[in-house]
Amino acid sequence: MSGCAAAACLPTLFRRCKTTSAQYVASRSMDPTFEKLMEGYKHFLKVVAVQDLILASPAASLPLAVLSTAAPRLRLSRGAAHFVRTFPRIFSLLYDTSAAQPLVRLTPTAARIASDESDAASTSAPDAVDRLRRLLCMSSSRSLPLRAVFRVWRELGLPDDFEDSIIARNPTMFALRTNPRETNTHLLEFVDQSQTPKFTPAVDARRCQERNQADEAEPKFAFKQGFPPGMRLTKNYRARLKEWQRLRYAGPYDVGGGGSARTKAGMRALEKRAVGMAHEFLSLTVEKMVEVEKISHFRKWFGVDLNIRDLFLDHPGIFYLSTKGKRHTVFLREAYYKGRLIDPNPIYEARRRLLELVLMRRRGMGAADSAGRRSSRCDMEDVCYSDSDTRYDFGEQ
């Protein structure tokens, strides 16, 4: 790696050479665990997109011709039929004689997982309300564009009808207002004036817990660090990082926090506050991950004037940025161990089960089909759509 490229891997506390955005992304230190996770997740996202179309269709079945029309938008590069056959444990093809067309449906296993996720989201509605309150209170105006919230409803674990089940059912907390800056758009506001919420950021809760359990001398304003394997940490890097860890900053729920952009110390305080905002946002998601494009819609509302993608790259000990699947996805490093959430939740567990079916693809199906052709006693439907208890713990080295 060249000197400039190596310097580009360091946080902004360290002076780096000027590079283009693409060069900076390419020069980052890779983490094989997260890369392996995203290798499967890029297919998982396409499966979820097709699943949503099926569930939104009458009788939970989608004409193959309709899916073929949507294939370019869904990035199904080899066509809808090939995609459906690639995941036989998730999708099934059947022929509708009355309409004289093939239909795509979810297999019983996939349908049960989708139902479990929906039930988990409905059951955890109080937690969803709390997450939405926290998200709105991270904005100084206690309001956010509704379209931005729609982009991350799944990441926040909100029910798909959250406008009715969360917002409309809590009129003393939430309200929809016309956005004066944009026509035909709305703002979601937190309107509960009865009391000022005192939220504790996730990073502060962790610091308190770890100080009580072990290191009483841990800096009060430190973030947990975990660097990619093989990343070279120089002595100078460690010294400056230690200094940055002790730097005071305004928390994500502190109104009007930050520093002056006119001074070096003020810029560092603004940057650390931006790190705190991004950390809290990721902590509010059920999988502790989100696409960079989605979180960037909240940047100005959170008072973050920095390039959000570069911010993640500047702090590789806190965040990990993956570019798999032609999208930039950021993970909260401390929330994961060997490719799995340390503190899972029911919504995550349901999605994980679907991800395992995605990873299996047609694995084991070819041999079963071949055996079925050699033996008339084989029941093809049971072979193709049998449940499997096999678990794939990708990311474990």
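This is a predicted model: local features need pLDDT of at least 70, side-chain atom pairs count only at pLDDT 80 or more; totals for chains, interfaces and linings use all residues.
The protein chain has 397 residues, of which 48% count as buried, and its secondary structure consists of 17 helices and 11 strands. The accessible surface of the chain comes to about 20400 Å², and carbon and sulfur atoms contribute 50% of that area. When contacts in the chain with a separation of 6 or more are considered, 65% of them are accounted for by residues 24 or more positions apart.

An open sheet is formed by three strands in the order E1-E3-E2, and the pairing within this sheet is antiparallel. Its edges are strand E1, which covers residues 61–63, and strand E2, which covers residues 91–96, each of them pairing on one side only. From one strand to the next, the twist averages 35 degrees. The pairing of E2 with strand E3, residues 101–106, is antiparallel and extends over six bridges, and within this part of the sheet Tyr95 has Pro102 of E3 as its bridge partner. Helix H4, residues 64–74, packs on the sheet and touches E1, E2 and E3, with a direction that makes about 70 degrees with that of E1.

The loop between H4 and helix H5, the latter spanning residues 80–86, contains Arg75. The phi angle of Arg75 is near 60 degrees, a positive value in a residue other than glycine. With a relative accessible area of 43%, Arg75 is partly exposed, because this class lies between the buried limit of under 20% and the exposed limit of over 50%. Arg142 also has a positive phi, about 55 degrees, although Arg142 is not a glycine; this residue lies in the loop between helix H7, residues 125–137, and strand E4, residues 143–145.

A further set of strand pairings involves strand E9, residues 329–332, in which Thr329 and Phe331 point one way while Val330 and Leu332 point the other way, all four being buried. Strand E7, residues 289–291, is joined to E9 by three bridges in an antiparallel arrangement, and Val290 has Val330 of E9 as its bridge partner. Strand E8, residues 319–322, likewise runs antiparallel to E9, to which four bridges join it, and here the bridge partner of Tyr320 is Phe331 of E9. E8 and E9 together form a hairpin with six residues between the two strands, and in the turn Gly325 has a positive phi of about 75 degrees.

Apart from neighbours within four places in sequence, Leu45 is in contact with Glu291 and Arg327, and Glu291 falls within the residue range of strand E7, 289–291. Leu45 and Leu355 are 310 residues apart in sequence, yet their C-alpha atoms are 9.3 Å apart in space. The relative accessible area of Leu45 is 26%, and the residue is therefore partly exposed, since a buried residue would have a value under 20%.

Key
Residues are numbered from 1 along each chain as its sequence is written. Side-chain values use heavy atoms; hydrogens and water are left out. Buried means under 20% relative accessible area, exposed over 50%, partly exposed in between (1.4 Å probe, protein chains only). Contact means heavy atoms within 4.5 Å. Accessible areas come from the Shrake-Rupley method with a 1.4 Å probe; for residues, only the protein chains shown count as cover. Two strands pair if DSSP finds at least two bridges between them. Axes are lines fitted to C-alpha atoms, for helices over the stretch in contact, and angles run from 0 to 180 degrees between N-to-C directions.
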